[in-house]
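Subject: Structure handover and notes on charged pairs

Hello,

Here is the structure we talked about, with its sequence.

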Amino acid sequence: MSCILYLVVPCYNEEAVLPDTAAALERKYQTLTKQGKISRESRILFVNDGSRDGTWRIITELFHKNALFCGLNLSRNRGHQNAVLAGVLTAQEKADAVISIDADLQQDIDAIDQMLEKYENGCDVVYGVRNTRDTDGFVKKNTALGFYKLMQMMGCEVITNHADYRLLSKRVIACLAQYGEVNLFLRGLIPTMGFSSDVVCFDVRERQAGESKYTMKKMLAFAIDGITSFSIRPLQMISVLGFLMLIVSIVMIGTTIFDYYSGRTVPGWSSSYCSTWFIGSVQLLSLGVIGEYIGKIYMETKHRPRYHIESYLWKENTGSDGTEDKKETDER
């Protein structure tokens, strides 16, 4: 029996690129269906993450033209990770497997064939990993590589050059639904689940239209969320730094006493001045790191929903006449 595959496509202000994306995905699904790799019950689920342009209008038009397309409209912008999770959990009961992919289709959709092959061979998770970062600028390329190295140094099980292009089986999604944290970092969370996995490599394509929504500010915030959500090593580093500062302080005290009895109190002013500034900076940095963790604890203890679904567009049978549209509201 063919696999029921749902493709989850998070969208934020993707009005410019969405029509081309939908056309390319439709052709891909038609090919996979003819080859018998996926069932006719498979769907493409666009998740509108609080877009301010005409993204939801385009999704609605696509839905009414072709039941292959589904739409999920979040009540407000909740971020890429929550948008992916909302789509994946919505597809949980209907799909055998779910693949998440970005709306700009820079991630090669032809890699879906290999993902399905590995899924059929028993893999529950298949990661899409880009071959190179040649299409990125100098700054983005080096900051991205530095991000993965830093995450691995901090003890996070991230896969280098893997974004959120991945296949998840039904049982992995069922386990993912049990995780209740508000601060999501799927790239670090899924590898820790322990299911059988494999990697598919692909070449990144140029963006066809529109602009990337991942600004440097968002990338930095994403990195901080990833580190503080999956590693306590920064807190351990503060403890080590505190111990080192204790040793430095003892040395400075000894130097001060020596200068005092030697009558060289004025020459010691520079070392006191520098050490005071240094210790103050370390204290502020340490408080900042601790504050990040306290903030995460504060948000988690509230147990607020990660997102609210305003509307959901889905049809029972692809291409059948007279089928009523189903619209649902939900929150998680």
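Nine salt bridges come out of the count in this predicted model, taking a side-chain nitrogen of Lys or Arg within 4 Å of a carboxyl oxygen of Asp or Glu as the criterion. In general terms, side chains of opposite charge can pair when their charged atoms come close.

Glu15 and Arg57

The N to O distance between these two side chains is 3.1 Å, which makes Glu15 and Arg57 a salt bridge. Glu15 sits in the loop between strand S1 (5-11) and helix H1 (18-34), while Arg57 belongs to helix H2 (residues 55-65), so distant parts of the chain are linked across 42 residues. Glu15 is partly exposed, because its relative accessibility is 32%. Arg57 is also partly exposed, at 43%.

Lys118 and Asp198

A salt bridge also joins the side chains of Lys118 and Asp198, at 3.2 Å from N to O. Lys118 is in helix H4 (residues 111-120) and Asp198 is in strand S7 (residues 197-202), so this pair ties together parts that lie 80 residues apart in sequence. With a relative accessibility of 22%, Lys118 counts as partly exposed; the cut-off for buried is under 20%. Asp198 is partly exposed as well, at 32%.

Asp164 and Arg187

The side chains of Asp164 and Arg187 form a salt bridge at 3.4 Å, N to O. Asp164 comes from strand S6 (residues 162-169) and Arg187 from helix H7 (residues 186-189), so the pair ties together parts 23 residues apart in sequence. Are these two side chains in buried or exposed residues? Asp164 is buried, with a relative accessible area of 2%. Arg187 is buried too, because its relative accessibility is 12% and the limit for buried is under 20%.

The network

Salt bridges also link Lys28, Lys37, Asp110 and Asp113 into a network.

Helix H3

How many of its 11 residues are buried? The number is 10, so H3 counts as mostly covered, buried being under 20% relative accessible area. The buried residues in H3 include Gln81, Asn82 and Thr90. Among the others on that list are Ala83, Val84, Leu85, Ala86, Gly87, Val88 and Leu89.

Regards

Notes
Residues are numbered from 1 along each chain as its sequence is written. This is a predicted model: local features need pLDDT of at least 70, side-chain atom pairs count only at pLDDT 80 or more; totals for chains, interfaces and linings use all residues. Side-chain values use heavy atoms; hydrogens and water are left out. Helices (H or I, at least four residues) and strands (E, at least two) are DSSP runs, numbered from the N terminus. Buried means under 20% relative accessible area, exposed over 50%, partly exposed in between (1.4 Å probe, protein chains only).
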